[in-house]
Amino acid sequence: MRILVTNDDGIYSPGIHALATVAARFGQVRVVAPDAEQSATGHAITILRPLRYRRIKLADFEAYQVNGTPADCVALGLHHWDGADLVLSGINLGYNLGHDVWHSGTVAAAKQAAFLNVPAIAFSATFEVDPTYEALIPGIEQVINLLLESTRPFLVNVNLPPAPQGLRWTRQSVRSYNGHVVAGTDPMGRQHYWFAARPLTDPAEDTDRWAIEHDLISLTPLRLDLTDETWLANSTAADEQAAAHRRLLAQSRS
Ligand code: MN
């Protein structure tokens with residue numbers, strides 16, 4: 001099995017080294033990751049300048065750094081390797097729970113693999129200045145084994161608590177936030193801002209965030225289709241709007 005390993009914290013992050021080490025127990029590993037941190041860049045791709053794909057020394061791994069985003073790394077990595085059987089992204093320095101999934105470069109890298117028809121898993125854990133991953137490695141192995149089964153979801157967002165007590169399949173937590181922004185002044189007297197939004201509600205049971213708060217490894221199956229299917233299926237408004245549009249077209253023609 002050929003496993004492409006990537007992240008959004010940069011190729012020298014301790015998390016990617018830990019993930020590549022675990023991945024090597026399952027197959028042949030190639031590491032392709034950004035040359036600098038790309039956290040919270042989401043699913044950005046680079047189209048206004050050329051990209052470089054450069055071999056570097058990273059322990060005993062075949063490793064390449066890219067001057068681009070996590071999604072760029074997966075696209076270039078799969079191109080150069082002529083595909084892969086699995087893409088692993090992480091271990092991110094910080095959870096990717098709830099709305100984080102929209103901003104996360106770690107999840108976007110996995111999503112890019114799914115775009116290219118390769119199954120993928122994103123791994124995230126709490127932020128630590130000097131992380132040690134020994135406690136997480138059995139959980140990561142367990143998750144990879146689980147997701148190698150034929151019934152696995154194609155794209156999974158995994159979050160690992162510091163001392164996991166079990167696994168839980170979860171939904172993405174959706175909460176309202178207060179949109180708080182903190183204003184300050186820089187040494188030159190110019191105004192600057194920090195995003196400091198706080199959630200207004202507690203996480204619902206069986207969501208990713210709820211699982212982490214209960215010391216459970218959270219596995220959230222994700223899909224690429226964001227369509228609001230419930231609304232489409234239940235709402236007569238869609239039919240009414242389509243009918244109104246047809247009437248407008250008919251009027252404009254007459
Ligand atoms: Mn990150």
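How many of the 12 residues of H2 are buried?

## Helix H2

In this predicted model, nine of the 12 residues of H2 are buried, so the helix is largely enclosed by the rest of the structure. Helix H2 covers residues 70-81 and reaches 16 Å from its first C-alpha to its last, close to the 16 Å expected at 1.5 Å a residue. The buried residues are Pro 70, Ala 71, Asp 72, Cys 73, Val 74, Leu 76, Gly 77, Leu 78 and Trp 81.

## Manganese site

The manganese ion has four named protein donors: Asp 8 (OD), Asp 9 (OD), Ser 39 (OG) and Asn 92 (OD1), lying 2.1 to 2.3 Å from the ion. Along the sequence, the donor residues follow the spacing D-D-x29-S-x52-N.

Ser 39, at 30% relative accessibility, counts as partly exposed.

## Surface patch

Ile 45, Ile 47 and Leu 48 form a nonpolar patch on the surface, and together they have about 410 Å² of accessible area. Leu 48 belongs to the loop between strand E2 (28-34) and strand E3 (53-58). Its relative accessibility is 84%, so Leu 48 counts as exposed.

## Salt bridges

Side chains of opposite charge can pair when their charged atoms come close. The structure holds five salt bridges. One of them joins the side chains of Glu 141 and Arg 25 at 2.9 Å, N to O. Glu 141 lies in helix H5 (residues 137-147) and Arg 25 in the loop between H1 and E2, so this pair ties together parts that are 116 residues apart in sequence. Glu 141 is partly exposed, with a relative accessible area of 24%.

Arg 190 and Asp 186 also meet through their side chains in a salt bridge, at 2.9 Å, N to O. Arg 190 counts as exposed at 52% relative accessibility, while Asp 186 counts as buried at 16%.

## Domains

The domain assignment gives domain 1 (2-223) and domain 2 (229-254). The centres of domain 1 and domain 2, taken over C-alpha atoms, are separated by 40 Å.

Arg 223 forms a salt bridge with Glu 229, with the closest N and O atoms 3.6 Å apart. Arg 223 is exposed, with a relative accessible area of 54%, and Glu 229 is partly exposed, with 39%.

Conventions:
Residues are numbered from 1 along each chain as its sequence is written. This is a predicted model: local features need pLDDT of at least 70, side-chain atom pairs count only at pLDDT 80 or more; totals for chains, interfaces and linings use all residues. Side-chain values use heavy atoms; hydrogens and water are left out. Patches are made of residues with over 30% relative accessible area and no salt bridge: like charges are joined within 9 Å, nonpolar side chains (Val, Leu, Ile, Met, Phe, Trp, Tyr) within 5 Å. Accessible areas come from the Shrake-Rupley method with a 1.4 Å probe; for residues, only the protein chains shown count as cover. A salt bridge is a side-chain nitrogen of Lys or Arg within 4 Å of a carboxyl oxygen of Asp or Glu. Helices (H or I, at least four residues) and strands (E, at least two) are DSSP runs, numbered from the N terminus. Buried means under 20% relative accessible area, exposed over 50%, partly exposed in between (1.4 Å probe, protein chains only). Donors are N, O and S atoms within 2.8 Å of the metal (3.2 Å for Na, K and Ca); water is not among the atoms, so sites may look incomplete. Domain bounds come from an automatic or database domain assignment. The expected span of a helix is 1.5 Å times one less than its number of residues.
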